[in-house]
Amino acid sequence: MGFLNDLFGDKEPQEMERGAGVAMPDCPIPFGYKTSWLCVKSDSPEEVISALGLKDPVLSGWEKGIAAGVFVSPVLDGYVLVINYGDDIIIEDLERLDVIARQFSEVQYFSSHRVAEYAAWVKYVGGEMLRGYCWCGDEGEIYLNEGEITAEEKALELDNLLQSTDDDWETSKFADEENVLDIAAAWGIDPRFSEKQYPESMGWVCGMK
């Protein structure tokens, strides 16, 4: 599945523990580092699970669910999060992300990995990619740079990031994991949960087809 899969790790052995113990609600826990996730505009986690073709959903709290594998959250401010999903989707299967986006009014995707200096954020509206950016410092490659830089990126001073490998590397800035979390917060849901507290809830740990 590529070098990113090697870095993010194979989560399948953890998923074997999904049914262990009693599911208990808890508050959302911070995530985002060395993680890939979707943020889907939807009022139905079940609809998201079905659209992604996930299987065998098991009720789980946040802490155990995120540790176990692909975790689909309850609805948060009109969005459903799918955590630990699509580690190398931009590089190896961007078409799959396009297909997902056409099923919802808005879909966001984020991924970060400090070791690989990998940072990615994508936003679809109405099935069309409004903005997409993906940088991997380990490879020295910009894998995606589509659409106009959004107002939120400009507000975060992300409009001076390296836009092309032909740009001046001495004067350009390079995307990092904090940028990923910042843009996720600006676009919808802050994975750090630092500014807003949500009540205890449960989501679903799912298997992949």
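## A pair at the edge of the sheet

Val58 has Val205 in S9 as its bridge partner. Two strands count as paired if DSSP finds at least two bridges between them. Strands (E, at least two residues) and helices (H or I, at least four) are DSSP runs, numbered from the N terminus.

A word on the model: it is predicted, so local features need pLDDT of at least 70 and side-chain atom pairs pLDDT 80 or more, while totals for chains, interfaces and linings use all residues. Residues are numbered from 1 along each chain as its sequence is written, and side-chain values use heavy atoms, with hydrogens and water left out.

## The whole sheet

Let's zoom out. The sheet is open, has nine strands with antiparallel pairing, and goes in the order S2-S9-S3-S4-S1-S5-S6-S7-S8. S2 and S8 (141-146) sit at the edges with a single partner strand each, so one side of each has no neighbour in the sheet. On average, neighbouring strands are turned by 15 degrees against each other, direction ignored.

## S5, covered on both faces

How many of the residues of S5 are buried? Eight of its eight residues are, where buried means under 20% relative accessible area (exposed is over 50%, partly exposed is in between; 1.4 Å probe, protein chains only). One side carries Glu106, Gln108, Phe110 and Ser112, the other Val107, Tyr109, Ser111 and His113, and both faces are covered.

S5 runs antiparallel to S1, with six bridges joining them, and Trp37 stands opposite Phe110 in S5. Eight bridges join S5 to S6, also in the antiparallel sense, with His113 opposite Tyr118 in S6. S5 and S6 form a hairpin with four residues between them, and Glu117 in the turn has a positive phi of about 50 degrees.

Ser44 is in the loop between S1 and H3. With a relative accessible area of 19%, Ser44 is buried. A polar atom of the Ser44 side chain lies 3.0 Å from the backbone nitrogen of Glu47. Leaving aside residues up to four places away in sequence, Ser44 touches Val75 and Val80; touching, or contact, means heavy atoms within 4.5 Å.

In H3 (residues 45-52), the buried residues are Pro45, Val48, Ile49 and Leu52. They span an arc of only 100 degrees around the axis, which puts them on the same side of H3; the arc is that of the directions from the helix axis to the C-beta atoms. After H3 comes Gly53, with a positive phi near 70 degrees.

Asp176 caps the N-terminal end of H8, with a side-chain oxygen 3.1 Å from the backbone nitrogen of Glu178. Buried residues in H8 (177-187) include Val180, Leu181, Ile183 and Trp187. The buried residues of H8 pack against S1, S4, S5, S6, S7 and H7 (151-155).

H8 lies across S1, S4, S5, S6 and S7, at about 160 degrees to S5. H6 lies across S1, S5, S6, S7 and S8, at about 35 degrees to S6. Axes here are lines fitted to C-alpha atoms, for helices over the stretch in contact, and angles run from 0 to 180 degrees between N-to-C directions.

Technical notes. Polar contact = N/O pair within 3.5 Å; in protein donor to acceptor, adjacent residues only side chain to side chain.
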